[in-house]
Amino acid sequence: MAGRWIDHWDPEDPSFWQRTGARVANRNLWFSILSEHIGFSIWTMWSVLVLFMGPEYGIDAAGKFFLVAVPTLVGAVLRLPYTFAVARFGGRNWTIVSALLLLIPTILAAVVMQPGTPYGVFIAVAAVGGLGGGNFASSMTNINAFFPERKKGWALGLNAGGGNIGVPVIQLIGLLVIATAGTGAPRILLGVYIPLIVVAAAFAAVKMDNLTSVKNDTGAFRESVQESQTWVMSFLYIGTFGSFIGYSFAFGLVLQNQFGRTPLEAAAVTFIGPLLGSLIRPVGGTLADRLGGARVTFWNFLAMVAATAVIIAASASDSLGLFTAGFVLLFVLTGLGNGSTYKMIPAIFRGQARVAIAGGADEAAAYLRARRISGAVIGIAGAVGALGGLFINLAFRQSFLTTQSGDTAYWSFLVFYVVCAVVSYVVYLRPAPADATAPRAAYAGV
């Protein structure tokens, strides 16, 4: 696709940015958010469709948890190739393609959503729904190239938050369909999104641009894979974003199977947690700016431990109100953690650059490496972190399969959050050695 290409793009030049850069970048941002928002909705649509699947579908709780785990896995895997697609095809061009690809899982779901469809067919169609999970990676990569360093935090936060809100929006639409047309009309939900997908692709074609300056930096990717901090941050992101997306898929099923809620009763509350978790994500980044990302992340994981303990207590006492409050709180904390962990990544590599400069390295080269590596790590952490959604749904599946409740899964989540808090402290918050060039010193103030 030839598309619309911009050959000169220098957002760091204040006069260029004021004259034309800000206007073009913001235009691309808003239509990127639209496409990414719908991508999140299609990625998580099976968390809503399973609420329409009553006893006549012949699928038990374990089967439904596995069904919603499949698009989580596919979406996580696709985030890596989607990250590099922007440089290969152009940001505008790939936004058009990635948006139109969402028609495939949506139309297929409309075809198969009826009793009597074999379970294997549902699994295959749910897997195709993972296409929506890749849109986040390409959207973030594209918008990152449009904005100057001083504006990236705001732009990427807005882009990510606007995309995440696609989760509660499709859940709200599902609630409206169930409340008005009943559980026998899942195709209405899918029918709403088919024209929206076409509209998003059309706006991308008309309003967005490609940047010829964006090139694949395979060297940065190779370096980031060899960097230990890549995997530490990916692990922590499993605990934050992985929890957010995993619970977004699973919460409605948990309410149905553990507390006997009807589809309408479950749908009436499932959107609250993802909505609050999406809206509060920028707050996590702001707190990280003020207090330090590692400190916010550490205390946030301890708070997630406490929220999970509340859920365990509510499950033991069969208290639906306390259980729901605990889960909503946990969603909010995943949103805060999403913001603080993503803020940590560039700070970590800037810290490494400062240590290298103190040791005699060239300042410009050191900070250039920090920008290159942090960009690659953001893509890798986003992909690995999304796998947390798979683990959560598999844990729920096994727990309900063996004990007919989620208690075993809740305890495993609590232990994992304790481990995340320990890792945050040990790697980033322990006092640095006296030797200012020691590796630990690079992470002071992260």
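At what angle do the axes of helix α15 (residues 281-291) and helix α17 (residues 320-358) cross, and within what distance do they come? In this predicted model, local features need pLDDT of at least 70 and side-chain atom pairs count only at pLDDT 80 or more, whereas totals for chains, interfaces and linings use all residues. Residues are numbered from 1 along each chain as its sequence is written, and side-chain values use heavy atoms, with hydrogens and water left out.

The two axes cross at roughly 45 degrees and come within 6 Å of each other, where axes are lines fitted to C-alpha atoms, for helices over the stretch in contact, and angles run from 0 to 180 degrees between N-to-C directions. Helices here are DSSP runs (H or I, at least four residues), numbered from the N terminus. The angle makes α15 oblique to α17, given that angles under 35 degrees count as roughly parallel, over 145 as roughly antiparallel, 65 to 115 as roughly perpendicular and the rest as oblique. The crossing of α15 with α17 is right-handed, a term that applies if the near helix is turned clockwise from the far one by less than a right angle. On the α15 side the contact (heavy atoms within 4.5 Å) is made by R281, V283, G284, G285, L287, A288 and D289, and on the α17 side by G335, L336, N338, G339, S340, Y342 and K343. By class, this contact comprises 5 nonpolar, 6 polar and 3 charged residues, with Ala, Val, Leu, Ile, Met, Phe, Trp, Tyr, Cys and Pro counted as nonpolar, Asp, Glu, Lys and Arg as charged, and the others, Gly among them, as polar.

One of the α17 residues in this contact, Y342, counts as buried because its relative accessibility is 12%, buried meaning under 20% relative accessible area, exposed over 50% and partly exposed in between, for a 1.4 Å probe and protein chains only. When residues up to four places away in sequence are not counted, Y342 touches F136, M140, Y237, R281, I378 and G382. Between Y342 and Q256, which are 86 residues apart in sequence, the C-alpha to C-alpha distance is 33 Å.

Two further helix pairs involve α18. Helix α12 packs against helix α18 (residues 363-403) at an angle of about 35 degrees, the axes being 6 Å apart, and the crossing of this pair is right-handed. The contact of α12 with α18 has 18 nonpolar and 12 polar residues and no charged ones. Helix α18 also packs with helix α19 (residues 407-429), in this case at about 140 degrees and with the axes 7 Å apart. There the contact is made by I392, A395, F396, S399 and T403 of α18 together with D407, T408, A409, Y410, S412 and F413 of α19, a set that divides into 6 nonpolar, 4 polar and 1 charged.

Leaving aside neighbours within four places in sequence, W46 is in contact with M53, L67, V68, A109, M113, F122, V125 and A126.

A204, in helix α10 (residues 186-207), counts as buried because its relative accessibility is 0%, and beyond its neighbours within four places in sequence A204 is in contact with R92, T95 and I96. T95 is found in helix α4 (residues 91-101) and likewise counts as buried, at 9% relative accessibility; apart from residues up to four places away in sequence, T95 touches S35, N142, A204 and M208. A204 and G58, 146 residues apart in sequence, are separated by 41 Å from C-alpha to C-alpha.

D318, in the loop between α16 (293-317) and α17, has a phi near 55 degrees and is exposed, with a relative accessible area of 54%. Q404, in the loop between α18 and α19, has a phi of about 60 degrees and counts as exposed at 55% relative accessibility.

Notes. Helices (H or I, at least four residues) and strands (E, at least two) are DSSP runs, numbered from the N terminus.
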